[in-house]
Amino acid sequence: MTDQTQPAEHSDQSVKRATRKPFHSGAKRWVQFGFLILCMPRIACYRIAYVLLGSRAMTSASESIAMIPGLRGVYMRQAFYRKTLDACGRDVYLGWNTVFSMREARVGENAYIGRFCLIGFADIGCQVMIADGVQILSGGHEHDSADSTVSMHDQDQRYEKMHIGNGAWIGAGAIIMADVGNNAIVGAGAVVTRPVPNGAVAAGVPARVLHYRKGWSAPGQQDFASSTTSSETE
Ligand SMILES: CC(=O)SCCNC(=O)CCNC(=O)[C@H](O)C(C)(C)COP(=O)(O)OP(=O)(O)OC[C@H]1O[C@@H](n2cnc3c(N)ncnc32)[C@H](O)[C@@H]1OP(=O)(O)O
């Protein structure tokens, strides 16, 4: 019988993940090229649909390509969005069932976007990590509400671009309705209604800054990291 008072083997609370095996970049480029060829019919169909349907074409093409599972899906989405979004880095990871609603979105190099994310009018920086189930809305006032005599359905729509700074991490299930700064962290389940400054850790509903990461401080105060990161992004 096992001794219940003793921790079982492999019961560590914290597990360090093995380093990912590097995929030889030359081979990777060939694989990416192969998937680009495979994706050409979809890209062509999307372009025709765009002429006929306008902006709705992106949502429907995105829903369709979102459902391809596994690594095949990741490479198909990479190929598709590199040719259809305003900008999309070469080595982005775009998870299963993640949908883009606007072709004007931009995704930076090496960004990671998990599964079940909804991305609107967003400018996602380089090396950003977005966990599963995150929604980046096109601002918090997509439907105008000024004229209370008009139904919400018939109000004007207003899209605001959301900027997610380089190196930021957005936790699972967060809803983003304001900018997130460089190297900032947004906690799981947060609802971001006001800009999160560079290097801040924000969480909660509505999201509040919990503290600043080492080397970062509130805007206006001196910090060594902001000068280097802002020059990198320009
Ligand atoms: C690609 C991928 O990312 S996959 C992995 C997905 N993982 C996630 O989504 C996890 C995201 N991580 C979190 O939400 C974490 O809680 C972090 C990063 C915000 C924690 O940041 P830390 O600076 O370590 O905060 P810490 O754990 O010390 O908590 C500070 C306070 O904030 C609260 N807090 C922490 N996280 C959250 C949260 N998500 N929502 C609300 N409150 C929170 C804590 O309860 C604590 O409150 P207290 O001081 O009243 O006790």
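## Helix H3 and its packing

In this predicted model, helix H3 buries Gly73, Val74, Tyr75, Met76, Arg77, Gln78, Ala79, Phe80, Tyr81 and Thr84. H3 itself covers residues 70-84, 15 residues in total. The distance from its first C-alpha to its last is 21 Å, close to the 21 Å expected at 1.5 Å a residue.

Threonine 84 belongs to H3. Its relative accessibility is 6%, and because buried means under 20%, threonine 84 counts as buried. A polar atom of the threonine 84 side chain lies 2.8 Å from the backbone oxygen of phenylalanine 80. Phenylalanine 80 is also among the buried residues of H3. An α-helix has 3.6 residues a turn, so residues three or four places apart point the same way. With neighbours within four places in sequence left aside, threonine 84 is in contact with Tyr46, Met58 and Arg103.

## Glutamine 155

Is glutamine 155 buried or exposed? Its relative accessible area is 11%, which is under the 20% limit, so glutamine 155 is buried. The residue sits in a loop, the one between strand S9 (135-136) and strand S10 (162-164).

A polar atom of the glutamine 155 side chain is 3.0 Å from the backbone oxygen of valine 150. Val150 is also one of the residues that glutamine 155 touches when those up to four places away in sequence are not counted.

## Backbone geometry in the loops

Most residues other than glycine have a negative phi, and most peptide bonds are trans.

Phenylalanine 116 has a positive phi, near 55°. The loop that holds phenylalanine 116 runs between strand S5 (112-113) and strand S6 (118-119). At 47% relative accessibility, phenylalanine 116 counts as partly exposed, because that class lies between under 20% and over 50%. Glutamine 127 also has a positive phi, near 60°, and lies in the loop between strand S7 (122-124) and strand S8 (129-130).

Which peptide bond is cis, with omega near -10°? The bond is the one from valine 205 to proline 206. Proline 206 is placed in the loop between strand S15 (200-203) and strand S16 (208-212).

## The second largest pocket

The second largest pocket has a volume of about 360 Å³. Its lining consists of 18 residues, and those nearest the centre are Thr59, Ser101, Met102, Glu142 and Tyr159. By class, the lining divides into seven nonpolar, seven polar and four charged residues.

Which element gives the largest share of this lining? H2 does, with three residues. H2, S6 and S9 each contribute at least two residues to the lining.

## The chain as a whole

The protein chain contains four helices and 16 strands. Of its 234 residues, 38% are buried. When contacts in the chain are limited to residues at least 6 apart in sequence, 30% of them join residues at least 24 apart.

Key
Residues are numbered from 1 along each chain as its sequence is written. This is a predicted model: local features need pLDDT of at least 70, side-chain atom pairs count only at pLDDT 80 or more; totals for chains, interfaces and linings use all residues. Side-chain values use heavy atoms; hydrogens and water are left out. The expected span of a helix is 1.5 Å times one less than its number of residues. Buried means under 20% relative accessible area, exposed over 50%, partly exposed in between (1.4 Å probe, protein chains only). A polar contact is a pair of N or O atoms within 3.5 Å; within protein, one must be able to donate a hydrogen and the other to accept it, and residues adjacent in sequence count only if both atoms are side-chain atoms. Contact means heavy atoms within 4.5 Å. On a 1 Å grid over the protein atoms alone, a cavity is a set of points where a 1.4 Å probe fits but cannot get out, and a pocket is an open set with protein on both sides within 12 Å along at least five of seven lines; lining residues have an atom within 4 Å of a point. Grid points are joined across faces, edges and corners, and a volume is the space filled by probe spheres set on the points. Ala, Val, Leu, Ile, Met, Phe, Trp, Tyr, Cys and Pro count as nonpolar, Asp, Glu, Lys and Arg as charged, and the others, Gly among them, as polar.
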